[in-house]
Amino acid sequence: MSTPQATIEFEDIELPKKPFLARLWDLSKRQPLGAFGLIVVIGMVLMAVFANVVSPYHPERADFVNMLAAPNADYWLGTDAFGRDILTRIIYGARTALFVGFACAFVGATGGLVLGVASAFFGGIFDLIVQRIVDVIMAFPLIILALAVVATLGTGTENVIIAITIPFIPQCARVVRSNALAIREIPYVDAARALGFSDTRIILRHMVPNVMAPYLIMLTAFVGQAILLEASLSYLGMGVQEPTPAWGLMLQGGAEEFAESAPWVPIFPGLAITLAVFGFNLFGDAVRDLLDPKLRNR
Amino acid sequence: MRRFSPKLAAAAVLGCAVGLGVGGPASAQERGGILNFVVAGKIPSYDGHQETTFAVIHPLAPLYSLLIRVNPENPQSPTDFVCDLCEGDVPKGEKGGTEFTFKIRQGVKFADGTPLTSADIKATYDKIIFPPEGVPSARKAFFRMVESVEAPDPTTVVFKLKFPSGAFMPAVANPYNWIYSKKDLDTHGYEWHKKNINGSGPFIFVQEQPGSFLEAKRNPNYHHPGQPYLDGYKAIQAPKMAVRLQAIRGDRAAIEFRGFPPKARDDLVAALGDKITVQESDWNCALFATPNQKREPFNDPRIRQALTLPLDRWGGSKYLSEIAIVKTVGGIVFPNHPLAASKQELQQIAGYWPDLKKSQARAKALLEQAGHPGLKFELNNRGVDQPYKVVGTWLIDQWARAGMNVTQRVQPTPPFYATLRKKKDFDVSLDFNCQSVVNPIADITKFLGSAGNNYGSYEDQVLEDTYDQLLRTGDEAGQRKLIRQFEKRALDEMAHMAITLWWYKINPHRSYVKGWKIAPSHYLNQQLDNIWLDKSLM
Amino acid sequence: MYKYILKRLLLAIPTLFGAAVLVFLLLRMVPGDVCEVRLAGSGLYADPAEIELCREQLGLNEPMLAQFWAFISGYFTWDLGNSMWTGKPITYEIGLRFQLSLQVAIMATLVAIAIAIPLGIISAVKQDTWIDYVVRAFSIAGIAIPSFWLGIMIILGLLISTQYFFGDPWMPPIDYVSPFEDPWRNMSQLIWPAVATGYRYSAVATRMTRSALLEVLREDYVRTARSKGLMERVIINRHALKNALLPVVTIIAIEFAFLIGGLVVTEQVFNLNGLGKLFVEAVDAQDFNLTQQLVMLVVLIFVLTNLVVDIFYAWLDPRIRYS
């Protein structure tokens with residue numbers, strides 16, 4: 001006597017893949033703040049790239065007849081002390097802000113990644129020395145670093161980037177290193193070594209992918225921080241210089257003198273900075289939430 | 001030059017009427033009250049002989065007396081000096097202007113009770129003019145004409161000069177020449193005054209909280225009868241302009257003695273109306289654009305002329321004065337001084353022509369001739385807003401209109417000075433000439449290639465000869481003629497430096513502060529002994 | 001345990017030495033010196049011979065190694081030198097400002113805690129609801145707004161609103177009195193920068209509270225407590241919070257270290273006579289001695305705080321001691 005076969009045959013059901021935009025919409029519903037951040041980021045990038053198309057005037061065009069004009073039909077956000085259109089300078093300022101932000105973030109985070117992974121992987125004296133250097137730079141006040149950079153290399157956008165990037169590298173290195181250290185103890189790395197895999201291969205194929213999450217998180221966080229630091233350095237007189245349009249510089253010149261008689265001069269650059277940093281931070285938060293495995297399985 | 005708006009003038013008249021109406025005596029000054037004011041800088045040491053910053057004058061000058069000083073009732077005049085510790089009129093000089101005898105007041109005391117005699121004045125000026133080795137004296141060079149200082153008896157001081165010089169009296173009146181007690185110098189040495197104060201001024205030191213404020217109270221034994229009117233004062237340190245502005249607005253301070261930019265004044269007047277009084281005057285300070293003549297092509301006078309020609313000074317005077325502390329168009333002499341150029345004379349000089357288009361065209365033509373059309377260079381500037389960065393941005397814009405392509409290298413103060421004075425590795429730099437007492441014959445030495453504060457790196461014998469002649473000329477007409485010659489050569493033919501605009505001092509203050517009169521420099525008239533507070537307006 | 005502490009202490013020494021070398025070199029890379037600024041800073045004529053004399057007296061013409069030795073050897077004799085600008089002892093200059101900076105740091109931290117912990121808890125408990133979004137937006141705004149802009153707006157707001165409501169504009173006092181002398185005046189000056197700074201620092205602590213609490217709420221023992229039927233509130237207060245607070249306390253401690261001497265911009269805006277303002281003045285004037293000592297102080301505080309935190313963690317988690 002044979003038992004009845006209890007097999008259930010399933011057809012291969014192919015779930016249709018949702019279109020990209022629909023999937024994006026789903027994601028946005030789950031992370032509304034992050035979606036808002038993404039919109040801000042994309043908006044700024046577009047503004048920066050198409051600055052000369054979108055702006056009504058040239059950013060350095062001085063109109064001495066209309067100095068400190070209130071927002072009107074000709075100058076939608078008013079003019080500054082030299083009669084330069086504030087809307088134009090904010091749009092072009094996005095270029096400087098994003099340039100500074102992305103450059104500092106990328107160089108800082110990547111530098112930190114390399115340093116952190118190397119420090120974790122090689123360990124020993126190398127690690128010890130690198131960690132001491134990291135300690136020193138992290139404890140060091142930014143203003144002194146910035147002053148030294150500015151005084152030896154001069155002011156200007158490139159040197160501001162150098163000054164801001166310097167404290168980013170150790171910050172990122174430290175975070176990456178602690179993540180990478182955790183990986184190093186995992187048995188399969190030992191196994192890989194026993195199998196004779198080269199150091200480079202182990203680093204690149206095993207360690208780096210696992211520190212990608214903190215790397216990306218720090219990267220997005222750094223952009224916002226860099227924009228704020230540029231504003232602070234400009235306030236102290238060590239940032240980007242006239243007549244380059246940059247939000248921090250616009251804020252420095254206008255914030256104090258004209259806070260009351262011409263409030264549009266400090267308000268709009270301040271709003272631009274706040275919005276940009278806001279957007280990047282929200283976006284970065286969403287990236288972190290998406291990448292964090294513990295938070296993924298909810 | 002003082003300027004009241006009609007509204008403020010009416011308020012001032014009203015204020016006086018109220019004061020007189022309340023049964024006041026013939027002199028309306030009231031006694032009493034503490035004056036709070038803000039100072040933009042940090043006090044270095046307490047020794048005025050060694051320092052040059054105004055952060056020493058504003059809080060500390062009221063604690064000391066001077067031999068002679070600018071007349072507190074008429075500080076705008078560059079020649080009106082009156083006696084402070086001396087008696088009678090300021091001496092005119094005997095023996096062909098090589099001997100000056102001062103009669104010293106009797107009964108003056110230092111804060112510690114020591115009586116003041118001519119020996120103290122001699123000891124002070126010996127310290128200033130003939131300091132011992134290793135003792136700094138910032139203005140020693142101003143007294144090169146002095147041979148000796150004698151005190152033949154307790155009420156007489158005699159200055160003997162090596163040669164007569166019109167620069168002597170203004171040097172003696174310098175607001176930093178605080179009279180110290182000989183006893184202090186003998187017992188405690190020459191470093192004591194850096195950290196200690198013992199003066200005969202209208203006020204006595206109470207305390208300093210470093211970085212925060214300095215307090216002083218009335219000197220009951222002050223030698224000008226009835227003064228000081230104030231019970232005391234508090235000098236509060238506030239490095240940021242916004243804070244100083246807000247302090248006056250919020251009545252945390254009544255006045256600031258250096259000056260505010262025009263928009264700040266407008267803010268205060270708009271917010272407080274007639275509770276604010278504004279005093280304005282020309283300021284004995286000007287910014288120049290100085291080309292480095294050791295660098296090609298700035299050794300070519302045509303290039304240098306092209307730098308000064310396209311600057312729209314007449315127009316700039318109108319619009320820049322709305323956002324910066326500059327205003328008056330002037331030549332090498334302080335505007336409105338008897339020796340200054342008239343408007344017609346100015347308009348003959350390159351860069352001051354009334355036809356801007358002509359100037360711009362000529363600049364372009366000169367650049368072509370010299371082989372550098374569309375000249376590209378870097379301007380060395382100081383990282384201070386008013387008026388350095390504003391003027392710098394304006395200069396770049398003006399030069400752009402003549403086809404030049406200029407970038408700015410803005411540095412914080414110490415590297416800026418290093419570049420300008422020591423390394424001299426600039427193309428063109430922003431430069432300045434600021435003095436306290438207005439003294440044109442001494443002040444224009446800035447343009448001589450041999451001067452210690454000349455950074456253009458050039459030699460010009462014609463200019464040196466003209467100046468020599470000027471020094472020896474006694475009559476004003478002759479001086480005027482030579483100064484015009486000097487001016488033409490320095491600004492036009494050789495265009496060694498391009499003067500931008502003379503600074504403009506704007507002091508808005510609370511209306512209840514009375515008696516302070518604006519001087520053409522923020523170092524002058526700061527002893528505060530004739531200031532009083534009108535309680536009815538507080 | 002003691003070996004661990006000793007090891008960490010020893011490691012701190014090269015960090016401090018490295019910082020000393022770095023600040024010494026960086027300052028001297030900048031052209032210009034305090035004598036130039038003091039004597040020529042106002043635009044008045046300055047006698048070059050006087051500037052040289054000033055340099056001689058301050059030891060600026062000595063060879064680099066001699067200057068460095070003078071700097072370092074001061075630590076063994078507890079003679080931190082004199083400020084090159086005022087000539088007064090640096091311990092005196094710093095001591096004065098330290099009191100104010102410390103007070104502002106404490107007040108700002110209290111404000112930060114008062115904002116961060118409740119908001120972080122709410123945000124974690126109500127995760128992904130609109131309350132969560134509002135709280136997160138509010139706290140990120142705190143980081144995004146430039147601090148000096150916020151400060152200027154606060155003072156301006158005070159001036160305008162008091163004039164509107166009371167007829168006379170009022171602003172906080174601009175000179176410092178100790179809280180023991182005149183607590184009311186002290187508070188009326190310091191509450192504003194404390195709130196402005198506290199709001200900014202609460203942002204980091206809020207997010208940390210939120211994420212730490214979220215992690216803990218997913219732990220097994222919390223699930224057990226839930227299945228036992230305990231109320232959510234009891235779970236949070238009795239079990240979750242204690243464990244979640246550990247990283248939060250760490251963050252707050254580290255941020256506190258930054259607040260001392262780190263409030264450079266805020267002190268400028270509110271005219272506080274603190275370490276940050278002293279820093280800016282020292283750097284502006286190229287006062288090498290003062291700048292060096294200030295940097296070393298800041299680095300020391302940072303190193304010590306990290307040390308304390310590390311030791312604390314090692315005490316809690318034995319695995320760390322043996323790594």
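1. The model is predicted: local features need pLDDT of at least 70 and side-chain atom pairs count only at pLDDT 80 or more, while totals for chains, interfaces and linings use all residues. Residues are numbered from 1 along each chain as its sequence is written, and chains are lettered from A and ligands numbered from 1 in the order in which they are written.

2. Chain A has 13 helices and zero strands; helices (H or I, at least four residues) and strands (E, at least two) are DSSP runs, numbered from the N terminus. Of the 298 residues in chain A, 49% are buried. A residue is buried if 20 or more other C-beta atoms lie within 10 Å of its own, exposed if 12 or fewer, and partly exposed in between, with C-beta atoms placed from the backbone. Among contacts in chain A between residues at least 6 apart in sequence, 71% join residues at least 24 apart. Two residues are in contact if their C-beta atoms, placed from the backbone, lie within 7 Å.

3. Chain B is assigned domain 1 (34-254 + 512-537) and domain 2 (281-504); such bounds come from an automatic or database domain assignment. The centres of these two domains of chain B, taken over C-alpha atoms, are 33 Å apart. Contact between them involves 14 residues of domain 1 and 13 residues of domain 2. The domain 1 side has ten nonpolar, four polar and no charged residues. Here Ala, Val, Leu, Ile, Met, Phe, Trp, Tyr, Cys and Pro count as nonpolar, Asp, Glu, Lys and Arg as charged, and the others, Gly among them, as polar.

4. Strand E11 (residues 276-291) of chain B has 14 of its 16 residues buried, so it is largely enclosed by the rest of the structure. E11(B) pairs with strand E15 (residues 498-510) of chain B in the antiparallel sense over ten bridges; two strands pair if DSSP finds at least two bridges between them. In this pairing Ala286(B) stands opposite Trp502(B). E11(B) also runs antiparallel to E14(B), joined by seven bridges, and there Ala289(B) stands opposite Leu430(B).

5. The contact between chains B and C takes 44 residues from chain B and 47 residues from chain C. On the chain B side, the elements that give two or more residues are helix H6 (241-249), helix H13 (413-423) and strand E14 (428-434). H13(B) provides the largest share of that side, seven residues. By class, that side has 22 nonpolar, 13 polar and nine charged residues.
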